[in-house]
Amino acid sequence: MSVAQTRQDFTKDLADVLSTGASNLVNADANEEAANLLSLQTRQQLSQTALSLSSQSDQAVPRLF
């Protein structure tokens, strides 16, 4: 009986967690999420540019000699 009760409690808790997660996805603010995406894309572009510049400067040092 206790095993069945434990499974029932687990299943109920899992259903609550999934319902909350689904609600959070549905209720997400599209403008805020778009701003977050743009921010992440900008960071990615900046890091790629920094890496490219770093690589170029590493290649330029041997040319000085």
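Predicted model: local features only at pLDDT ≥ 70, side-chain atom pairs only at ≥ 80, totals over all residues.
## About the model

Local features need pLDDT of at least 70 and side-chain atom pairs count only at pLDDT 80 or more, while totals for chains, interfaces and linings use all residues. Residues are numbered from 1 along each chain as its sequence is written, and side-chain values use heavy atoms, leaving out hydrogens and water.

## The overall picture

Let's start with the whole chain. The protein chain has two helices and zero strands; these are DSSP runs numbered from the N terminus, with helices (H or I) of at least four residues and strands (E) of at least two.

Of its 65 residues, 0% count as buried (under 20% relative accessible area; exposed is over 50%, partly exposed in between, with a 1.4 Å probe and protein chains only). The accessible surface comes to about 6000 Å², and carbon and sulfur atoms hold 60% of that (Shrake-Rupley method, 1.4 Å probe; for residues, only the protein chains shown count as cover).

## A nonpolar patch

Phe10, Leu14 and Leu18 make a nonpolar surface patch of about 320 Å². Patch residues have over 30% relative accessible area and no salt bridge; nonpolar side chains are joined within 5 Å, like charges within 9 Å. Phe10 sits in helix H1 (residues 2-26) and counts as exposed because its relative accessibility is 55%.

## The salt bridge

The structure holds one salt bridge (a Lys or Arg side-chain nitrogen within 4 Å of an Asp or Glu carboxyl oxygen). Here Lys12 and Asp16 meet through their side chains at 3.3 Å, N to O. Both residues belong to helix H1, four residues apart, about one turn of the helix. Asp16 is partly exposed, at 38% relative accessible area.
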